[in-house]
Amino acid sequence: MTGSTILAAESVVELPSYEVYGSFGRPDSGSWMFDARCGVLAVGSAVRLTLPVATGGHGRPGVEMLGRISALRPNEMICIEHVQPWRGRLRLSFDRVDPARTRVRVRASVPADGVEWLVRHVGGALPVRPARSDVIRIGLVTSKSGPAAIYSMATEYLAGLAVDEVNDDRGIDGHLLELLVADDATEAATAAHEAVRLVRSGCRAIFACTTSSSFAAISRAVRGTGVLLVHSVMNERSSADGENVVRFGEQPADQIAALAGPIMRATGGRNWFLVGERYSWSYGAHHAARATLPRTAGRVVGESYAPLGTADFTPVIERIQRSGADIVMSSLIGADEVDFQRQFAASGLRSTVGSLSLVMDEPTTAHVGADAAEGIWTALGYLEDGPVAGNSALVARYRERYGRWAPPISTLSETVYEAILQYAQAVRHDPDADATRQRLALLTHRSGRSGTEIGARDLVAPRLYLAEVRGGGLRIFDEDG
């Protein structure tokens with residue numbers, strides 16, 4: 001597919017242009033401002049908005065775009081460089097109709113990969129060209145849409161960077177790597193469908209940067225196909241994983257064990273409220289908290305599970321207020337975590353209750369906003385500003401390749417970069433091995449990782465860095481181990 005398509009939408013608002021412009025990104029602006037969310041109207045601020053595009057029978061109101069403000073002209077124009085669900089630019093203009101009315105226009109240029117995404121998004125099928133004999137295909141299932149898209153923004157970029165670096169280093173046994181990318185839309189059924197498509201397209205390994213519920217669906221869908229499946233983001237693990245499965249990333253039990261003592265000493269509190277979602281990740285995280293906290297004199301005084309995709313957390317916040325909690329631990333992800341943390345801060349609880357988030361990575365922090373996220377604690381295996389050897393060179397290569405407005409690298413996207421590099425190293429001498437032997441090769445390769453530099457770290461049990469959101473960024477204040 002070549003060329004591009006222009007998407008455009010507009011609405012007339014019964015307000016003067018300066019008021020319309022000034023309301024961009026505020027929670028009360030509503031659909032007439034494309035449901036935009038932005039902490040501060042300034043160049044560089046993270047933005048999400050909904051483009052009102054017909055989405056067939058999926059019941060979705062439009063296409064949510066994620067990016068950053070790249071240019072402003074007060075009361076007249078806002079430009080946004082976006083990365084999800086495709087890379088491009090949006091331009092919003094505010095044209096005076098009369099002193100009391102403004103026409104709001106949005107215009108987006110959709111490149112070929114964006115058109116392909118839209119076709120699949122509405123249920124269309126597209127052919128995949130046959131793989132060449134000198135190519136090894138691998139697949140990436142990530143969340144280019146849905147609640148998890150916020151933490152997945154840099155994943156496709158980093159996977160592509162890893163593939164290019166493998167190919168620049170002679171590939172795998174004389175074969176080039178080729179990457180096919182699929183969007184699970186943060187839905188388990190879609191994840192399974194897309195995984196089957198990748199298998200049928202000839203992928204020998206699939207890297208899943210998805211929620212645990214999507215991963216479980218993928219695992220069932222590819223069982224018996226001979227394809228290696230790598231879960232490349234933090235997860236709660238499972239004893240039921242098959243012989244074709246490798247799971248990398250932080251585990252909630254380790255994160256909680258690293259954070260519990262320090263945050264209780266810092267706050268002087270020991271009463272915990274657990275906020276999660278109705279799927280295996282949060283269930284596993286809450287189970288880990290209940291097992292870990294008594295060993296540090298902490299106790300759980302309440303918990304809640306919201307459906308994935310929840311936007312209004314008022315009932316949860318009211319329960320927290322009534323519970324007498326000193327510390328709130330969140331296992332929410334992506335857009336849900338953004339909405340919860342903003343509402344939690346707006347309630348005034350941030351100043352009196354300690355905040356711990358298991359999935360507070362750099363993109364999520366940016367979308368929560370500097371003021372609302374201030375003071376949240378986390379424990380992660382990678383930080384973009386972290387001290388791991390080789391990290392500054394990786395960040396430099398990433399920025400040179402993808403530009404100033406590319407989303408920040410985070411533990412939830414960086415691990416797939418290292419996972420692909422380690423996969424290529426592990427199977428270099430036997431690229432035609434079946435999934436069981438590839439899994440063993442990858443885990444054997446992993447056992448020699450020293451944890452000292454990018455590409456040579458132990459991804460199964462990564463070293464954790466304790467960090468707190470300060471001044472809009474994650475600042476390391478201690479190290480585990």
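Trainee: By the ring rule, how many aromatic pairs does the count come to?
Mentor: Rings of Phe, Tyr and Trp (its six-membered ring) pair if their centres lie within 6.5 Å; planes under 30 degrees apart count as stacked, over 60 as edge-to-face and the rest as tilted. Keep in mind that this is a predicted model, where local features need pLDDT of at least 70, side-chain atom pairs count only at pLDDT 80 or more, and totals for chains, interfaces and linings use all residues. Residues are numbered from 1 along each chain as its sequence is written, and side-chain values use heavy atoms, with hydrogens and water left out. By the ring rule, the count comes to 10 aromatic pairs.

Trainee: What kind of pair do Trp86 and Trp117 form?
Mentor: Their centres are 5.8 Å apart, and there are 55 degrees between the planes. Trp86 sits in the loop between strand 5 (77-84) and strand 6 (88-98), and Trp117 in helix 2 (residues 112-121), 31 residues apart; helices (H or I, at least four residues) and strands (E, at least two) are DSSP runs, numbered from the N terminus. The aromatic pair is tilted.

Trainee: Is Trp86 buried or exposed?
Mentor: Buried means under 20% relative accessible area, exposed over 50%, partly exposed in between (1.4 Å probe, protein chains only). Trp86 has a relative accessible area of 1%, so Trp86 is buried.

Trainee: How many residues apart in sequence are the parts that Tyr157 and Tyr402 tie together?
Mentor: The ring centres of Tyr157 and Tyr402 are 4.2 Å apart with planes at 5 degrees, so this pair is stacked. Tyr157 lies in helix 3 (residues 155-168) and Tyr402 in helix 12 (residues 391-402), so the parts they tie together are 245 residues apart.

Trainee: Which residues do ring pairs link into a cluster with Tyr157?
Mentor: Tyr157 itself is buried, with a relative accessible area of 9%, and Tyr402 counts as buried at 12%. The ring pairs link Tyr157 into a cluster with Tyr398 and Tyr402.

Trainee: Is the peptide bond from Gln84 to Pro85 cis or trans?
Mentor: Most peptide bonds are trans. Here, Pro85 lies in the loop between strand 5 and strand 6. With omega near 0 degrees, the bond from Gln84 to Pro85 is cis.

Trainee: How many of the 13 residues of helix 9 are buried?
Mentor: Among the buried ones are Phe340, Arg342 and Phe344. Helix 9 is largely enclosed by the rest of the structure, because the buried count is 10.
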